[in-house]
Amino acid sequence: MVDVLLGLQWGDEGKGKIVDYFAGNYDIIARFQGGPNAGHTLYIDGQKVVLHTIPSGVFHKNIINLIGNGVVLDPVTFKKECDKITALGVDLKANLFIAERTHVIVPTHRALDKASEISKGADKIGSTLKGIGPAYMDKTGRNGLRVGDVMRADFQERYAKLKAKHEHLLAGYDFAAEVKAEIANDIAEWEAEFFQAVEFLRGMNIVNGEYFLNDYLKAGKKVLAEGAQGSMLDVDFGTYPFVTSSNTISAGVCSGLGIAPSWVKEVIGVTKAYCTRVGSGPFPTELHDAVGEKLRKEGNEFGATTGRPRRCGWIDLVALNYTCMLSGVTQLVMTKSDVLDVFEEVYACTAYEIDGKQTKAMPFQINDLDVTPIWEKYKGWSDETAAKSNTFSELPGEMKTFVKAVETYLGVPVKYVSNGPGRDQILPQ
């Protein structure tokens, strides 16, 4: 069986910690999509660790971790991540595997990403400039390099061919001479690191991911499929074009790991008790006032990968209902509920008002619309739940009322409430 764990908002829901919490119940943790723009934050023995590509079960002994074919892998970021994890005493040769069909991010992918954002000016997407979008474009354009290619004798020739194609595309941008020179210098600098990292990658466990995983499933092993980013960033169903380049909903599991839908059992959705977004794009419940700033401060809402301040707002139940529907979510985990401890009142968006009419459906092109959230107000609990509550029953009554209201609206049970950064602060209901 395969259980799926994914984010239901615009990412940054705290998925890494939740995967780490559940990991002991599984034999394999497998990442099925996304790239190194993911920032899954864990606290291991009180030490903060941010994972970008490696699955969040890596700190559990005797658990296999697989980077699936739906991921795009930057060898440079991957090597740096491996070095940090190895320094913490983890033997990655024993428990980390990479699917040979996983696509590789090359230096000119990063250059194309940068050039694309520069050319958009004020209309930029808010890319992390890690080359992820261009790598996925080469994947669908049938030009990409895959992890299995680094083991081939003609890898250098394949790389040179792809680089030449990218340089031709870069030459088409009408940039000032100094911008072109900057991008050329970037490529030269990144290439030195890239080829060292490719040598490192060749020494890792590279496997045929689909047979690898299906053989384990047939042997009765349990798999947790780990998603990156969030459902509202799905390339098909998110707030397009302000989305990521992969399918972040549960449907991406099958194509991102090479398994049949019949293997999927539980779909565990992770949502904050409020809402955040990084980068550009629509965000109906965003707060541009002192309350939004207070959410950012209390939640320490700065990107784990980029350090960028996150945009903050109250929870959006219209968007959550949409993403629960898309992925067939069977249970919910609510994270960072303790961030709301300091508020006398908390709010949830239960409908959108557009052109004078209310709707509970996600519009086609929400970024072109003037959306007014319809709020439901709840009494705050003004209590230090992280310090005082060790079980769900010990949570303040007002918080439990808020959780039950979310359950009722979505028709999906909130099985766990996380009220702090530690593993022991995840409270089953």
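Ring pairs join F155, Y159, F194 and F195 into a cluster. The model is predicted. In total, the structure holds 17 aromatic pairs. A pair of aromatic rings is described by the distance of the centres and the angle of the planes.

**The pair Y21 and Y416**

- Y21 and Y416 make an edge-to-face aromatic pair, with 5.9 Å from centre to centre and 75 degrees between the planes.
- This pair links distant parts of the chain, as Y21 and Y416 are 395 residues apart.
- Y21 belongs to helix 1 (residues 15-22), while Y416 belongs to strand 19 (residues 414-418).
- Y21 has 27% relative accessibility, so Y21 counts as partly exposed.
- Y416 has a relative accessible area of 18%, and the cut-off for buried is under 20%, so Y416 is buried.

**The pair W314 and Y347**

- The ring centres of W314 and Y347 lie 5.6 Å apart.
- Their planes meet at 45 degrees, so the pair of W314 and Y347 is tilted.
- W314 is buried, at a relative accessible area of 5%.
- Y347 counts as partly exposed, at 22% relative accessibility.

**Lysines over rings**

- K79 lies over the face of F200, 5.6 Å from the ring centre.
- K294 places its charged end over the ring of F343, at 5.1 Å from the centre.

Definitions and conventions
Residues are numbered from 1 along each chain as its sequence is written. This is a predicted model: local features need pLDDT of at least 70, side-chain atom pairs count only at pLDDT 80 or more; totals for chains, interfaces and linings use all residues. Side-chain values use heavy atoms; hydrogens and water are left out. Rings of Phe, Tyr and Trp (its six-membered ring) pair if their centres lie within 6.5 Å; planes under 30 degrees apart count as stacked, over 60 as edge-to-face and the rest as tilted. Helices (H or I, at least four residues) and strands (E, at least two) are DSSP runs, numbered from the N terminus. Buried means under 20% relative accessible area, exposed over 50%, partly exposed in between (1.4 Å probe, protein chains only). A charge sits over a ring if NZ of Lys or CZ of Arg is within 6 Å of the ring centre and within 35 degrees of the ring normal.
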